[in-house]
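Open the model in your viewer and keep the selection panel at hand. Each stop below says what to select and what is there.

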Amino acid sequence: MLRMTKKADYGLIALKHLAVTAPGGAASAKEMADYYGMPLPMLAKILQKLTRAGVLRSLPGTNGGYMLARNAADISALEVIRTIDGPIILASCFTAHGQCDQSDRCTVREPLRKVHEGIEHLLGSIRISDMDASETRQPLHIL
């Protein structure tokens, strides 16, 4: 089953918060953890990882915190998920080694590759700026 990790979920929630809710576009890890009921140590590590990747900017000092390093329209869900969790792997044949016990007689590798690429394309097209819950959106149709 393909499932997003809790860490990626928390990262997306924090970025949306910074883009939409945070006054002045900045908030502390504690403020976000308290607001959304997330474990502070886990959220702090996620925010540090996103800062090292250039998605966030850290603001030092007593009133410091985090803010987006780029415009929310320039940050995709795929970038955030890959930064936090690494590459998305639907099946072992999509890894660097690209082999499994069934590689020689596999009849679903190509259809699964298309599903894998579709998922990556969809996540790559969703921007943090698209995650404003106050907007009414049409449902996404994958097929």
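**Before you start.** This is a predicted model, where local features need pLDDT of at least 70, side-chain atom pairs count only at pLDDT 80 or more, and totals for chains, interfaces and linings use all residues. Residues are numbered from 1 along each chain as its sequence is written, and side-chain values use heavy atoms, with hydrogens and water left out.

**Stop 1: α1 and α3.** Select residues 6-21, helix α1, and residues 40-52, helix α3. Helices here are DSSP runs (H or I, at least four residues), numbered from the N terminus. The two pack at an angle of about 70°, with their axes 10 Å apart. Axes are lines fitted to C-alpha atoms over the stretch in contact, and angles run from 0 to 180 degrees between N-to-C directions. α1 and α3 are therefore roughly perpendicular (65 to 115 degrees).

Now show side chains. From α1, pick Lys7, Tyr10, Gly11, Ala14 and Leu15; from α3, pick Met42, Leu43, Ile46, Leu47 and Leu50. These make the contact (heavy atoms within 4.5 Å). By class, the contact of α1 with α3 has 8 nonpolar, 1 polar and 1 charged residues. Ala, Val, Leu, Ile, Met, Phe, Trp, Tyr, Cys and Pro count as nonpolar, Asp, Glu, Lys and Arg as charged, and the others, Gly among them, as polar.

**Stop 2: α4 and α5.** Move to residues 77-85 (α4) and 109-125 (α5). Their axes lie 5 Å apart, at an angle of about 110°. Ala77, Leu78, Ile81 and Arg82 of α4 meet Glu120, Leu123 and Gly124 of α5. That contact divides into 4 nonpolar, 1 polar and 2 charged residues.

Zoom in on Glu120 and Arg82, which form a salt bridge at 2.9 Å, N to O (a side-chain nitrogen of Lys or Arg within 4 Å of a carboxyl oxygen of Asp or Glu). The pair is 38 residues apart and links distant parts of the chain. Glu120 is buried at 19% relative accessibility, while Arg82 is partly exposed at 38%. Buried means under 20% relative accessible area, exposed over 50%, partly exposed in between (1.4 Å probe, protein chains only).

**Stop 3: along α5.** Select Arg113 and Glu110, a salt bridge at 2.1 Å, N to O. Both lie in α5, 3 residues apart, about one turn of the helix.

Stop 4: Finish on Asp34 and Lys30, whose closest N and O atoms are 2.7 Å apart in a salt bridge. Asp34 is exposed at 53%; Lys30 is partly exposed at 49%.

Definitions and conventions: Angles under 35 degrees count as roughly parallel, over 145 as roughly antiparallel, 65 to 115 as roughly perpendicular and the rest as oblique.
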